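This briefing is intended for reading alongside the sequence and the three-dimensional structure.

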Amino acid sequence: MKLTRTKTFKAFAEPAWTNNPINMQMLGICSALAVTIQLKTAFVMTLAMIFVITGSSLIISIMRKIIPGNIRIIVELGVIASLVILTDEFLRAYYFEISRLLSVFVGLIITNCIILGRTEGFAMSNPPHLAVMDGLGNGAGYGSVLLSVAFLRELFGSGKVFGVDVIPASFYDAGYENMGFMLLAPAAFIIIGLMAWLQKYLTGVDGKDR
């Protein structure tokens with residue numbers, strides 16, 4: 001029982017921290033650059049990613065013994081695409097403004113190599129409970145980077161957090177100015193690079209270990 005719990009925890013903790021898909025594997029960076037101008041969009045993108053990657057991992061794990069090997073990639077893409085369409089339609093129906101801000105990036109979750117990589121590399125060879133934990137871990141790892149980057153970009157780029165002004169007016173009266181550069185994609189790229197360096201430093205991973 002203890003070994004099972006350890007394995008289950010490891011399935012979540014490893015992608016969430018020690019093998020973070022963005023910081024450690026350099027995957028999913030495009031969306032991290034595009035949707036992190038505001039915390040609101042980053043948060044919704046995180047939820048969408050967690051739903052799709054966890055759901056697809058669960059479904060593929062359940063079906064893994066009946067999927068013919070020669071069409072497994074097609075089946076995986078079909079499952080992922082179906083969940084992405086459900087997510088996109090849900091946002092369009094109930095959160096249209098956020099859906100508009102996210103533009104095509106929810107749909108592009110289909111092409112996110114993190115999801116296909118986990119369904120092919122993990123869900124196809126592990127039971128459902130481990131596949132779910134792996135999906136949650138990867139979604140949490142991905143989301144933690146998105147939210148961290150979005151927090152810094154929105155705070156220093158527009159003086160807001162979740163759209164609420166947090167920089168006192170007195171600061172602006174004293175000459176403080178928001179950093180417009182933080183609203184540009186290169187700023188996100190630099191922040192992600194620094195976060196990746198910091199995590200590798202904290203975990204003792206360097207270029208020689210990869």
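A crossing of two helices is called right-handed if the near helix is turned clockwise from the far one by less than a right angle, and left-handed if anticlockwise. In this predicted model, H7 passes H9 in a right-handed crossing.

**Crossing of H7 and H9**

- Helix H7 spans residues 128-158 and helix H9 spans residues 185-203.
- The axes of H7 and H9 come within 10 Å and cross at roughly 125 degrees.
- On the H7 side, the contact is made by Val145, Ser148, Val149, Leu152 and Arg153.
- On the H9 side, the contact is made by Ala185, Ala188, Ile191, Ile192 and Met195.
- Classified by residue type, the contact of H7 with H9 has eight nonpolar residues, one polar and one charged.

**Largest pocket**

- The volume of the largest pocket is about 230 Å³.
- Its lining consists of Phe43, Val44, Leu47, Ala48, Phe51, Leu86, Thr87, Phe90, Leu91, Tyr95 and Ile98.
- Helix H3 (39-63) and helix H4 (72-94) each contribute at least two residues to the lining of the largest pocket.
- H3 provides the largest share of this lining, with five residues.
- The lining of the largest pocket comprises 10 nonpolar residues and one polar residue, with no charged residues.

Terms used. Residues are numbered from 1 along each chain as its sequence is written. This is a predicted model: local features need pLDDT of at least 70, side-chain atom pairs count only at pLDDT 80 or more; totals for chains, interfaces and linings use all residues. Side-chain values use heavy atoms; hydrogens and water are left out. On a 1 Å grid over the protein atoms alone, a cavity is a set of points where a 1.4 Å probe fits but cannot get out, and a pocket is an open set with protein on both sides within 12 Å along at least five of seven lines; lining residues have an atom within 4 Å of a point. Grid points are joined across faces, edges and corners, and a volume is the space filled by probe spheres set on the points. Helices (H or I, at least four residues) and strands (E, at least two) are DSSP runs, numbered from the N terminus. Ala, Val, Leu, Ile, Met, Phe, Trp, Tyr, Cys and Pro count as nonpolar, Asp, Glu, Lys and Arg as charged, and the others, Gly among them, as polar. Axes are lines fitted to C-alpha atoms, for helices over the stretch in contact, and angles run from 0 to 180 degrees between N-to-C directions. Contact means heavy atoms within 4.5 Å.
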